Amino acid sequence: MPTVFSGVAPSGVPHLGTYLGAIKNWVELQKDHQCIFCVVDLHAMTVPQDPAKLRAKILEVAKIYLAAGIDPKKSIIFIQSHVKEHAELCWILNTIARIPELERMTQFKDKSQEHKKDVNVGLFDYPVLMAADILLYKTQVVPVGEDQLQHVELARTLAERFNGKFGEIFVLPKALVHKEGARIMALDDPTKKMSKSAANPANYLALTDPPDVIREKIKKAVTDSGKEIIAGPDKPALSNLLTIYSLLAEKPTAEIEKMYQGKGYAEFKDGLAEVVVDFLKPFQEKFNGLSDEHVLKVLSEGAAKARQIASQTMEEVKKSVGLI
Ligand code: ATP
Ligand code: MG
């Protein structure tokens, strides 16, 4: 079975974009892939984190994986910092990554704008750590949202460069981006992606938002000019809301447009709010039913399995570059 690797950083608030762009597709991949899903805590540290909150977020992300349907019997679920090889391989890849390559990364450019006073070396190096995450497991498929394509491309470049210099150790990974849901936009600004680290909670529909908050946020969501419920390039806000509706209700957009023919934005938003609330209800029930103890056990078993693969790759890497 081909190997899949992906992760979510335990920072900010996981939202519908995280689910629709990434986790929803992971659940499907479990059927016929060897899947490895990681809570990438070392990545979260590239922007300022409060230690107590970070600890809570790490468990929250793991619970989100499990509540969404990631099955520890089929997939490996673990915390990045529990497998030291991630940081170790990152260092070795740092010695072949080039500064201009990292300077080109749009996430680095955006995030260094947001955190002007704390542009730390980790933020700059984020894509190399991500390459290490992927390459350690000889991953073939990396299911991500569109914003991560550039990083997966870099992982490929580094794998190719490493193999060229030191021998065929790494597999060249490919990003898997689903057209629908690859870029869920912010509710308060359809030109920006829905983001965990957004300062304004009106930006996102959090997976942990209670029903009244969901209804309120959707009511206040920005819409486009016009009255009709139709998707189109001139209607970015409405198109985004229709995409969310379509993916959660598992109905094609055209069918939803038909359902709301002759009806206004208010009615459409009410309908969408109910679809989101109906989706989140069982999800949140599962999420709230997971004990920290159970989740920690799953994560520890996952780390043991991940370590086996990672340590073997690291052995090969060390030998090939001339380390004793
Ligand atoms: P941050 O703003 O802190 O970077 P994020 O919302 O981008 O947070 P990540 O943990 O960086 O979340 O990303 C987790 C996964 O979710 C990645 O595969 C990413 O591509 C995907 N993803 C994130 N935001 C969206 C979105 N708005 N639409 C679709 N997919 C998304
Ligand atoms: Mg991100």
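## Close-ups of a predicted model

**View 1. Polar contacts hold the stage around ligand 1.** An oxygen atom of ligand 1 sits 3.1 Å from a polar backbone atom of alanine 9. This is a predicted model, where local features need pLDDT of at least 70, side-chain atom pairs count only at pLDDT 80 or more, and totals for chains, interfaces and linings use all residues. Residues are numbered from 1 along each chain as its sequence is written, chains are lettered from A and ligands numbered from 1 in the order in which they are written, and side-chain values use heavy atoms, with hydrogens and water left out. Histidine 15 brings an N or O atom of its side chain to 2.9 Å from an oxygen atom of ligand 1, and for aspartate 147 a polar side-chain atom is 2.5 Å from a ligand oxygen. On its own, ligand 1 would expose 590 Å², and the protein buries 96% of that (Shrake-Rupley areas with a 1.4 Å probe; for residues, only the protein chains shown count as cover). A polar contact here is a pair of N or O atoms within 3.5 Å; within protein, one must be able to donate a hydrogen and the other to accept it, and residues adjacent in sequence count only if both atoms are side-chain atoms.

**View 2. Here is the shell around ligand 1.** There are 23 residues around the ligand, and Lys111, Asp147, Ile184, Lys193 and Ser195 come nearest (near means that a heavy atom of the residue lies within 4 Å). By type, the shell splits into 7 nonpolar, 11 polar and 5 charged residues (Ala, Val, Leu, Ile, Met, Phe, Trp, Tyr, Cys and Pro count as nonpolar, Asp, Glu, Lys and Arg as charged, and the others, Gly among them, as polar).

**View 3. Phenylalanine 5 and tyrosine 137 belong to one aromatic cluster with Phe78.** The structure holds 12 aromatic pairs. In the pair of phenylalanine 5 and tyrosine 137, the rings are stacked, 5.6 Å centre to centre with 10 degrees between the planes. This pair links distant parts of the chain, 132 residues apart: phenylalanine 5 is in strand E1 and tyrosine 137 in the loop between H7 and E4. Phenylalanine 5 is buried at 3% relative accessibility, and tyrosine 137 is buried with a relative accessible area of 3% (buried is under 20%, exposed over 50%, partly exposed in between, with a 1.4 Å probe and protein chains only). Rings of Phe, Tyr and Trp (its six-membered ring) pair if their centres lie within 6.5 Å; planes under 30 degrees apart count as stacked, over 60 as edge-to-face and the rest as tilted.

View 4. A search of the whole structure turns up 0 disulfides (a disulfide being two cysteine sulfur atoms within 2.5 Å). The sulfur of cysteine 90 is 13 Å from the closest cysteine sulfur, in cysteine 38, which is too far for a bond. Cysteine 38 is buried, at 0% relative accessible area, and cysteine 90 is buried too, at 7%.

**View 5. Two loop residues have positive phi.** Lysine 138 has a phi of about 50 degrees although it is not a glycine; it lies in the loop between helix H7 (121-136) and strand E4 (141-143).  Glutamate 250, also not a glycine, has a positive phi near 50 degrees, and is exposed at 65% relative accessibility.

Conventions: Helices (H or I, at least four residues) and strands (E, at least two) are DSSP runs, numbered from the N terminus.
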